[in-house]
Amino acid sequence: MSAPMIAPSILSADFARLADEAKAVEGADWLHVDVMDAHFVPNLTLGLPIVESLLKATDIPLDCHLMIDDPARWAPPYAEAGAHNVTFHAEASDDPVAVARDIRAAGAKAGLSIKPGTPIEPYLEILKQFDTLLVMSVEPGFGGQSFIAEVLSKARAVRKLVDSGELTLLVEIDGGINDDTVEAAAEAGVDCFVAGSAVYGASDPAAAVRALRSKAARASHHLTLG
């Protein structure tokens with residue numbers, strides 16, 4: 001059994017001190033980078049140049065979440081730059097499998113994300129072509145939103161397929177993850193927990209990462225701290 005993965009979201013970090021903020025979460029499994037284009041979502045955030053700079057400043061694998069239109073064009077360069085995992089939205093792509101193929105060919109893991117209101121069933125068959133499923137537990141675009149518990153049914157459905165051997169992928173969740181919600185997500189079968197303000201709003205971000213990992217392990221049926 002593996003340990004819960006914690007991916008601090010730099011959307012909640014101090015953008016003027018990103019290298020220092022990456023160091024502040026030493027021990028995290030991934031560093032989550034939200035890329036927003038002001039088209040697919042109403043907000044505009046970090047892009048490829050920032051990712052390239054972060055790659056030079058940290059050894060933590062970068063988990064790039066692309067909330068953007070036209071991922072077929074924009075996703076592969078993040079993989080080519082050295083991102084560990086590149087996730088794009090199902091709602092933004094006419095051919096998610098082709099995008100996943102290109103991401104993998106460029107050297108990264110490929111992730112598929114779905115919004116809270118998007119059903120999981122139409123995508124179950126193509127999940128065999130992905131390394132990660134990112135379940136959004138808030139509407140994509142802004143940090144600090146409240147957790148939408150109803151999305152946990154999607155995590156449970158995919159967890160069953162993973163446990164039965166039909167799928168091999170990580171179940172990730174993003175949005176409103178904190179001390180009060182991480183246990184419910186873990187119980188539902190999540191492997192990787194994206195946390196923004198719960199980590200970067202803490203006086204000791206690295207300690208917050210460890211605390212979230214511990215809480216998730218206690219609640220999970222398939223993860224452990226060892």
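Leaving aside neighbours within four places in sequence, D34 is in contact (heavy atoms within 4.5 Å) with S9, L11, T45, L46, H65, M67 and D174. The model is predicted, so local features need pLDDT of at least 70 and side-chain atom pairs count only at pLDDT 80 or more, while totals for chains, interfaces and linings use all residues. Residues are numbered from 1 along each chain as its sequence is written, and side-chain values use heavy atoms, with hydrogens and water left out.

D34 lies in strand β2, residues 31-36; strands are DSSP runs of E with at least two residues, numbered from the N terminus. With a relative accessible area of 5%, D34 is buried, a term that denotes under 20% relative accessible area with a 1.4 Å probe and protein chains only.

D174 belongs to strand β7, which spans residues 170-174, and is likewise buried, at a relative accessible area of 9%. Not counting residues up to four places away in sequence, D174 touches H32, D34, H65, L134, V135, M136, S137, V138 and V194. The side chains of D174 and H32 make a polar contact at 3.2 Å (a pair of N or O atoms within 3.5 Å, one able to donate a hydrogen and the other to accept it; residues adjacent in sequence count only if both atoms are side-chain atoms).

An unreviewed UniProt entry annotates D34 and D174 as "active site"; such annotations, given in the numbering used here with shortened feature names, may be inferred rather than shown by experiment. Although the two are spread over 141 residues of sequence, they cluster in space, with a largest C-alpha distance of 10.4 Å.

Definitions and conventions:
Helices (H or I, at least four residues) and strands (E, at least two) are DSSP runs, numbered from the N terminus. Buried means under 20% relative accessible area, exposed over 50%, partly exposed in between (1.4 Å probe, protein chains only).
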